[in-house]
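These are my notes from going through one structure, entry by entry. I wrote down what I looked up and what I found.

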Amino acid sequence: MPAAPLASVLFVCVHNAGRSQMAAGFLTHLAGDRIEVRSAGSLPGHQVNPAAVEAMKEVGVDISEQKPKVLTTEAVQASDYVITMGCGDACPIFPGKKYLDWELEDPAGKGVESVRPIRDQIKTRIENLIAEIDAQQEQ
């Protein structure tokens with residue numbers, strides 16, 4: 001029987017089409033099933049940003065099958081970490097959750113050249129998040 005995930009993380013941005021999808025892709029890729037991953041948007045778009053899909057494909061992470069999802073209260077309640085990326089006050093607050101706000105440039109309307117630095121910033125933050133979650137388990 002597989003072990004329960006160490007933590008559950010929800011990534012939230014407005015359209016759930018760029019930053020939050022890249023973050024969810026990296027966390028799933030780097031942590032596997034050790035961490036439960038969700039992403040959502042306060043006003044979800046119609047598709048994941050093609051430049052984000054291409055930028056992620058360049059580093060071996062395929063998010064092409066992902067679809068933007070609407071942010072629900074249930075998703076927030078089911079998560080240990082809620083990481084917002086520019087959704088402001090749209091995200092409901094519940095006690096006992098760890099909230100982080102990652103200020104990242106919005107990749108909407110940008111080409112892949114402009115999305116790469118955002119992708120790389122997200123990867124660094126994801127690596128730090130995994131280290132933090134692992135450290136919590138060792139306490």
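**Entry 1: a loop residue**

Where is the place of Asp-62? I found Asp-62 in the loop between α2 (50-58) and α3 (73-77). I note at the outset that this is a predicted model.

**Entry 2**

I then turned to the strands. There is an open sheet of 4 strands, in the order β2-β1-β3-β4, and the pairing is parallel. Which are the edge strands? They are β2 and β4 (98-101), each of which pairs on one side only. On average, and ignoring direction, neighbouring strands of this sheet are turned by 20° against each other.

I went through the pairings of β1. With strand β2 (residues 35-41), β1 pairs in the parallel sense over 7 bridges. In this pairing I located Val-9, which stands opposite Val-37 in β2. To strand β3 (residues 81-84), β1 is joined by 4 bridges, and these two also run parallel. Here Leu-10 stands opposite Val-82 in β3.

I also checked what lies on the sheet. Helix α1 packs on it and touches β1 and β2. The direction of α1 makes about 170° with that of β2.

**Entry 2: strand β1 in detail**

How many residues of strand β1 (residues 7-13) are buried? I got 7 of the 7, so β1 is largely enclosed by the rest of the structure.

I sorted these residues by side. In a regular strand, side chains alternate between the two faces of the sheet. For β1, one side holds Ala-7, Val-9, Phe-11 and Cys-13, and the other holds Ser-8, Leu-10 and Val-12.

I picked Ile-35, which is found in strand β2. Its relative accessibility is 3%, so Ile-35 counts as buried. I listed what Ile-35 touches, leaving out residues up to four places away in sequence: Pro-5, Ala-7, Val-9, Leu-27, Ile-130 and Ile-133.

From Ile-35 I went to Asn-16, 19 residues apart along the chain; their C-alpha atoms are separated by 19 Å. Asn-16 has its place in the loop between β1 and α1. Asn-16 is buried, with a relative accessible area of 0%. I marked its phi, which is near 50°, a positive value in a residue other than glycine.

**Entry 3: α1 against α4**

At what angle do the axes of helix α1 (residues 19-31) and helix α4 (residues 112-138) cross? I noted roughly 45°, with the axes coming within 9 Å. That makes α1 oblique to α4. The crossing of α1 and α4 is right-handed.

On the α1 side, the contact is made by Arg-19, Met-22, Ala-23, Phe-26, Leu-27, Leu-30 and Ala-31. On the α4 side, I found Val-115, Ile-118, Arg-119, Ile-122, Lys-123, Ile-126, Glu-127, Leu-129 and Ile-130. By class, the contact of α1 with α4 has 12 nonpolar, no polar and 4 charged residues.

**Entry 4: α2 against α4**

The contact of α2 with α4 has 6 nonpolar, no polar and 4 charged residues.

**Entry 5: Val-48**

Last I looked at Val-48, which lies in the loop between β2 and α2. Val-48 is buried, with a relative accessible area of 7%. Not counting residues up to four places away in sequence, Val-48 touches Ala-17, Gln-21, Val-53, Ile-63, Gln-66, Lys-67 and Pro-68. Val-48 and Met-22 are 26 residues apart in sequence and, C-alpha to C-alpha, 9.5 Å apart in space.

Technical notes
Residues are numbered from 1 along each chain as its sequence is written. This is a predicted model: local features need pLDDT of at least 70, side-chain atom pairs count only at pLDDT 80 or more; totals for chains, interfaces and linings use all residues. Side-chain values use heavy atoms; hydrogens and water are left out. Axes are lines fitted to C-alpha atoms, for helices over the stretch in contact, and angles run from 0 to 180 degrees between N-to-C directions. Angles under 35 degrees count as roughly parallel, over 145 as roughly antiparallel, 65 to 115 as roughly perpendicular and the rest as oblique. A crossing is left-handed if the near helix is turned anticlockwise from the far one by less than a right angle, and right-handed if clockwise. Contact means heavy atoms within 4.5 Å. Ala, Val, Leu, Ile, Met, Phe, Trp, Tyr, Cys and Pro count as nonpolar, Asp, Glu, Lys and Arg as charged, and the others, Gly among them, as polar. Buried means under 20% relative accessible area, exposed over 50%, partly exposed in between (1.4 Å probe, protein chains only). Two strands pair if DSSP finds at least two bridges between them.
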